[in-house]
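This report describes a single protein model, shown below. It covers charged pairs, domains, aromatic contacts and a few individual residues.

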Amino acid sequence: MRLRQVSAPNFDLARTLDSGQVFHWEKGNAGFVGAIGGKAVFVEQRGGELFFTGASGKTIANYFSLDHPLAEICRSFPGDSAMTAAQDFCRGLRIIRQPRWECLATFITSSMKQVAHIRQISHTLRERYGEAQQVLSHEVHAYPSAERIAGLTEQELRKCALGYRAKNLLATARLVASGEANLEKWTGLPDEALRTRLCELPGVGAKVANCVMLFAYERLSAFPIDVWIERVLKQQYFPRKRKVTAQQLRAFCDRYFGKHGGYAQQYLFHHARKGGAAGKKGLAGC
DNA sequence: CTCCAGGGATGAT
DNA sequence: ATCATCCATGGA
């Protein structure tokens, strides 16, 4: 199999796929095997080039947001020490453009789960209910459509280790499949209206809504606050406050991180999770 | 306001 | 080998 090639300067494929925004890519053949929408894809990075097969160069470049002006985005970040360290740690990490239903469904199943569990749930749902494809002798399953999931029972979903999330995923799948919730049409909504629509879906609260806005609707100012980010924010920006409310954090983030807050959040998140010293232990005692 | 639901990887003992 | 911990949403 001959691979095709696309230029990808200022991009780090492995780091991007390991940053908790997407959960189905697996290592294989010196690169990564996964799916972009319904297409099974292999992609490998060598220096500033991506070598790939299974989709067009245009699809690859669009999925990995190779057109995002990363240097300019980083220049818009605040210059504090936490942000600078995170930025340094996350070179080449990009916010990818995910299919809307796949992203929404995945983050509904992510609630109260850690990354390893989310990967497992995604894998099981794909394997049981998604269409199989081949790439370089690897079998890859597309994420099951809303229609497919809408036709399942809560019992079947529970068997995929969804627990109480099964009910929410099923209810939301049915709203999407019936057209009552039109995810594609929502691309035209302003941020606040989009967030409101998303939060009306079962299993979607503020955190999940912001993830979907950031990863599937390219709202780069959306700033999801999970426990990791909450720890970082409290430690770095409210060091001697004993009690900081969710509202205070929210107001601070919206004001402080600017129009690319979503990127700032992703960098702080990835640095906190993978950066070692700043990980759980170091922050716990504060 | 508090409490709880369901579950598997992860790290401590 | 056993045990506590992690964790976002929604309903009681």
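By about how many helical turns are glutamate 230 and lysine 234 separated in helix 12? The model in which this is asked is a predicted one. Glutamate 230 and lysine 234 both belong to helix 12, residues 227–237, and stand four residues apart, so about one helical turn separates them.

## Salt bridges

Side chains of opposite charge can pair when their charged atoms come close. The structure holds 14 salt bridges.

| Arginine 15 | Aspartate 12 | 3.7 Å |

Elsewhere, Asp67, Arg97 and Glu218 are joined into one network by salt bridges that share partners.

The pair of arginine 158 and glutamate 154 lies within helix 8, residues 154–162, where four residues, about one turn of the helix, come between the two positions. Arginine 158 has a relative accessible area of 38% and is partly exposed. Glutamate 154, with 25%, is also partly exposed.

## Domains

Chain A is assigned three segments of this kind: domain 1 (4–63), domain 2 (70–90 + 223–280) and domain 3 (100–216). The C-alpha centres of domain 2 and domain 3 are 26 Å apart. Nine residues from domain 2 and six residues from domain 3 take part in the contact.

About 540 Å² is buried between domain 2 and domain 3, and carbon and sulfur atoms give 70% of that area. On the domain 2 side, the residues that lose the most area to domain 3 are Pro224, Gln266 and Arg273, which together account for 54% of what that side buries. The number of salt bridges between domain 2 and domain 3 is zero.

## Aromatic rings

There are 16 aromatic pairs in the structure. One of them joins phenylalanine 23 and phenylalanine 107: the ring centres are 5.6 Å apart and the planes meet at 65°, so the pair is edge-to-face. Phenylalanine 23 sits in the loop between helix 1 (13–17) and strand 2 (26–28), whereas phenylalanine 107 is in helix 5 (residues 100–108), so the pair ties together parts that are 84 residues apart in sequence. Both phenylalanine 23 and phenylalanine 107 are buried.

Tyrosine 63 and phenylalanine 64 make another edge-to-face pair, with 5.0 Å from centre to centre and 80° between the planes. Tyrosine 63 and phenylalanine 64 are both buried. A cluster of aromatic residues is formed by Phe223, Tyr237, Phe238, Phe252, Tyr256 and Phe257.

Arginine side chains also lie over tyrosine rings. Arginine 100 is placed over the face of tyrosine 217, 5.3 Å from the ring centre. Arginine 165 is placed over the face of tyrosine 164, at 4.4 Å from the ring centre.

## Individual residues

Which loop holds methionine 112? Methionine 112 is in the loop between helix 5 and helix 6 (115–129). Its phi is positive, about 65°, although methionine 112 is not a glycine. Methionine 112 has a relative accessible area of 73% and is exposed.

Serine 137 is another non-glycine residue with a positive phi, of about 65°. Serine 137 belongs to the loop between strand 6 (132–135) and strand 7 (138–141), and at 69% relative accessibility it counts as exposed.

Is alanine 209 buried or exposed? Alanine 209 has a relative accessible area of 0%; the cut-off for buried is under 20%, so alanine 209 is buried. Alanine 209 lies in helix 11 (residues 206–216). Leaving aside residues up to four places away in sequence, alanine 209 touches Arg195, Leu198, Cys199 and Val204. From alanine 209 to glutamine 266 is 57 residues in sequence and 15 Å in space, C-alpha to C-alpha.

Notes. Residues numbered from 1 in each chain as written. Chains lettered and ligands numbered in written order. Heavy atoms only, no water. Phe/Tyr/Trp six-rings, centres within 6.5 Å; stacked < 30°, edge-to-face > 60°. Buried < 20%, exposed > 50% of the residue type's maximum accessible area, 1.4 Å probe, protein only. Lys NZ or Arg CZ within 6 Å of the ring centre and 35° of its normal. Domains from an automatic or database assignment. Contact = heavy atoms within 4.5 Å. Buried area = accessible area lost by both parts, 1.4 Å probe. Salt bridge = Lys/Arg side-chain N within 4 Å of Asp/Glu carboxyl O.
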